[in-house]
Amino acid sequence: MSLPEPSPDALEQSGRLVRAIRAAIAHAGGWIPFSRYMELALYSPGLGYYSGGARKFGPGGDFITAPELTPLFGQALAAQVEQVMRASVPAVIEAGAGTGLLAADLLLELERRHCVPDSYAILELSGELRERQFDTLAEKVPHLASRVRWLDALPERFSGALVANEVLDVMPAHLVVSRPEGLFERGVAVDDAGTLRWADSPADGVIAAAAHALDLPRPESGEYVSELNLAARAWVAEWAQRLERGALLLVDYGYPRAEYYLPSRSNGTLLCYYRHQAHGDPFLWPGLNDITAFVDFTSVAEAAFDAGLDVLGYANQAAFLFNCGILDALARRGPQESADYIRAARAVQRLTTPQEMGELFKVLALGKNLREPLLGFSRCDRLHTL
């Protein structure tokens, strides 16, 4: 696979991040867990992938999310957000809002539905992305932009709808390695030439306990590698302490546990993205690549339930969007022979077909003090259980 070479400025920025990572490794005694490396590579202030200023979303970036494909995604999701708000409080928090397109689409559709939230908050740590979100909202929904505010941390208390599209997959994940001789945690060290390299250490403490609870496959030879996203579990558990009434709507790619830790998936799910090409080397140009791991939805649901949230629904993205009326939203685009309708129909196909995003992406709803069944899960997706 041949990847396009970054610009000299981008390479210089990546080099500065590598030096910072080397310093962190030295400070830690020569080894850091992969979760710490992933955190540094993605979120180091001014240098990490999500905080360094490079374009990430859309055709000119490294990947395309559902809101970048079509506003129909946000229009369908708005139907579920409306139901949650009417059953709780007219407030929305969006975690990790990307370019701000989903926020704009949701606000416009909620306005069409006569259900504009009193408050729309964006939980975003990247200053660069905050600026892009502000500009997008000012352009797309100038009459509603004053309702939007930005948060630096989770609120102390919240009622309403939380939306998180492709957020859990970029939370720093631990790597665990199962071998005939035992269980290890995979981390990062530096070789004599100053190059970042993999290094394993015997798993202990929380990592060992969490990995043993999964009963990972133990190969007779070689190794079995997978991920533990303890940060995602902690994040939903933290929301359980703060949510008073409402729901968390989590959209991401992943599997239930029974599929996540299949013996055949011996290399795990870790992926990197650069200019719309996926590759498996997280040490290539740190700070210039997105690094992601698929979501273990069973673990997220268990953590939420143990912390006091109800599991309100789980389905693949296709079933959820159909339940929320994406085909009705498509029909509003006008004549089926028009160019706009044809483009929109192609986007819906990509969002919903099993070969594209319809099966790989899942939707998990977690909530508190809601009695009415959620619209997005009204027609049971019998193929998907946690």
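Predicted model: local features only at pLDDT ≥ 70, side-chain atom pairs only at ≥ 80, totals over all residues.
Helices here are DSSP runs of H or I with at least four residues, strands are runs of E with at least two, and both are numbered from the N terminus. Residues are numbered from 1 along each chain as its sequence is written, and side-chain values use heavy atoms, with hydrogens and water left out.

I then looked up the geometry: helix 4 (residues 72-87) and helix 5 (residues 101-112) pack at about 60°, axes 8 Å apart. Axes are lines fitted to C-alpha atoms, for helices over the stretch in contact, and angles run from 0 to 180 degrees between N-to-C directions. The pair is therefore oblique (under 35 degrees is roughly parallel, over 145 roughly antiparallel, 65 to 115 roughly perpendicular, the rest oblique).

For contacts (heavy atoms within 4.5 Å), I found F73, G74, Q75, L77, A78, V81, E82 and M85 of helix 4 meeting L102, D105, L106, E109 and L110 of helix 5. These residues split into 8 nonpolar, 2 polar and 3 charged. Ala, Val, Leu, Ile, Met, Phe, Trp, Tyr, Cys and Pro count as nonpolar, Asp, Glu, Lys and Arg as charged, and the others, Gly among them, as polar.

**Helix 1 against helix 2**

Here the axes of helix 1 (residues 8-27) and helix 2 come within 10 Å and cross at roughly 150°. That makes the two roughly antiparallel. I noted a right-handed crossing for helix 1 passing helix 2. L17, I21 and A24 in helix 1 touch Y37, L40 and A41 in helix 2, and the contact divides into 6 nonpolar, no polar and no charged residues.

**S51**

I found S51 in the loop between helix 2 (34-43) and helix 3 (66-69). Its side chain reaches the backbone oxygen of S44 at 2.5 Å. Beyond neighbours within four places in sequence, S51 is in contact with residues including Y43, P45 and S126.

Last, I checked an open sheet of 3 strands in the order 12-11-13, with antiparallel pairing (two strands pair if DSSP finds at least two bridges between them). Strand 12 (277-279) and strand 13 (290-292) are the edges, each pairing on one side only. The twist averages 30° from one strand to the next. Strand 11 (residues 271-274) pairs with strand 13 over 3 bridges, and L271 stands opposite T292 in strand 13.

Conventions:
Polar contact = N/O pair within 3.5 Å; in protein donor to acceptor, adjacent residues only side chain to side chain. Left-handed = near helix turned anticlockwise from the far one by under 90°.
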